[in-house]
Amino acid sequence: MTIAAWWEGFAPYVPGFLSASWLVFVISVLAIVVSWICGLVAALAKSSRFAAFRQASAFYIWFIRGTPTLIQIFIVYFGLPQLGLRMSPFVAGVLALGFNGGAYIAEIVRAGLSAIPKGQMESSAALGMSRFQIMSRIILPQVFRIILPPVTNEAITMLKNTSLLSTITVVELTLYSQTIIATTFRPFEFYIATAVIYLVMTTVLSQFAMRLERHYGRYA
Amino acid sequence: MDAAPLISIRDLRKSFGAHEVLKGISVDVRAGEVVSVIGASGSGKSTFLRCINVLEMPNAGTMAFGDVTFDFEEGARRRPTARQLRELRTRIGMVFQSYNLWPHMTVLENVIEAPIRVKRQPRAAAIANAEALLARIGLAEKRHAYPSHLSGGQQQRVAIVRALAMQPKLMLFDEVTSALDPELVGEVLSLMAALAAEGMTMLVVTHEIGFAREVSTRTIFFDEGVVAEDGPPREVLRDPRSDRLRQFLKRVLHEHVAEDVAPVPLRTAGEA
């Protein structure tokens, strides 16, 4: 088969691939936002003075990390309607992936905070800085630099996990290529093409993170 | 020198759990005094220093500083609020054993951060003041360097300047030379001696008996959570009243003598 013939078979699906990729991007961004909200709340709760918050946070992290992501997605999309909580596949997908990522973000943030020596907090307080000033000016910028690599990994995992949403009828990249393959019977080309698109997106993401890391690593 | 004390501490107590570290400390410090605080580790001297700017909240006792008086008793009406503590800390500088500079900021940024954010100084004024201070300690050309590119002695001197930039009335030094390589101790001690000569009021927790003797105007000996001796360094150090202090000095001075003597070759018999 010539390249021209191959492209002829592929070209009609380019717009579909583009819109499916766009959906992957949108779902990833929204799920990452949800995961940061869940993660920060869980990290705060885990260092709370109240035992109930600490236990709730520990249970959340334990449950998420100990069960398959796919089952979590099924619980949100197929399970919750039974309790009267019905959502579109898109919303269910974003929430399920967000809850899932939140548990990992919580652990990353907690580890980052505990990596900052106590003396940083003390020397700031000794100069009369407020709690807010200490967090925003001294602690968090240092935490951010430490957690940038694991947070990048988390974002890449999130992007790849969107493919799981093909099981709940979200027509993202994976489900889109499956539907094409069902009519073209050309799984090799189309799955390779799909893989390449994921690869491009994750590579752009890690390049961006590497640049950030270099920027924030200048004082080391 | 009969003016009212700059800071007046009465019956200060501090426990960690069941362990009482400070068992009723009463100390007055007048402006211009340089007080060296000595004692074995665990005697409470560092905790005492950290109670003065309330990095540790005392369990009982009072402290008068300038126009405010705090009562640390649980539930006391004059227990310090968060806002009062911040205000207090702008007037008391503290330098730590491990420098604690902020690694993500340059030397200059370290020095101007609190004057700008806490004292609301205009940026230009804060920079001018910081650069003057850095020039004084010979680190002007390092102002755009990050702390990790400085030696321990340089970092500690920047930490002192960072505290001075707030124009404090009182400076607390918590074993500031203990983490330094021996050859870097001198530059930090001489900066502290220069500050003392300028009339800065200082409380210095230290193992440097030489500094206590030569620079400080008063020495306090802590022993198991109480002030065991308090007086002019020459009297306290030369002529200790208690056995505990005598033993402590013997131990500390012995270590120093051992360090100083080590590189000197042994003399052969019959010489001298």
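The largest nonpolar core in this predicted model holds 76 residues, and B:Val37, B:Leu172, B:Phe173 and B:Leu203 touch the most other members. Helix H5(B) gives the most to this core, with six residues. Apart from it lies another core, of 38 residues, with A:Val34, A:Ala103, A:Ile108 and A:Leu173 among them. Here is a short tour of what surrounds these features.

**Around B:Val37**
- Setting aside neighbours within four places in sequence, B:Val37 is in contact with B:Lys45, B:Phe48 and B:Leu49, and also with B:Leu203, B:Val204 and B:Val205.
- B:Ile220 and B:Phe222 are also among the contacts of B:Val37.

**Two helices in chain B**
- Helix H5 of chain B covers residues 152-164 and helix H6 of chain B covers residues 182-197; their axes come within 8 Å and cross at roughly 20°.
- With that angle under 35 degrees, H5(B) counts as roughly parallel to H6(B).
- The crossing of H5(B) and H6(B) is right-handed.
- On the H5(B) side, B:Gly152, B:Gly153, B:Gln156, B:Arg157 and B:Ile160 take part, and they meet B:Leu184, B:Glu187, B:Val188 and B:Leu191 in H6(B).
- By class, the residues of this contact are four nonpolar, three polar and two charged.

**Where the chains meet**
- Chain A brings 18 residues into contact with 19 residues of chain B.
- On the side of chain A that touches chain B, the elements giving two or more residues are helix H6 (118-125) and helix H7 (131-161) of chain A.
- H7(A) supplies the largest share of that side, six residues.
- That side of chain A has eight nonpolar, seven polar and three charged residues.

Conventions:
Residues numbered from 1 in each chain as written. Chains lettered and ligands numbered in written order. Predicted model: local features only at pLDDT ≥ 70, side-chain atom pairs only at ≥ 80, totals over all residues. Axes fitted to C-alpha atoms, helices over the stretch in contact; angles between N-to-C directions. Helix = DSSP H or I, 4+ residues; strand = E, 2+ residues; numbered from the N terminus. Parallel < 35°, antiparallel > 145°, perpendicular 65-115°, else oblique. Left-handed = near helix turned anticlockwise from the far one by under 90°. Contact = placed C-beta atoms within 7 Å. Nonpolar A, V, L, I, M, F, W, Y, C, P; charged D, E, K, R; others polar. Core = buried A, V, L, I, M, F, W, Y, C linked by C-beta atoms within 7 Å. Buried ≥ 20, exposed ≤ 12 C-beta atoms within 10 Å, placed from the backbone.
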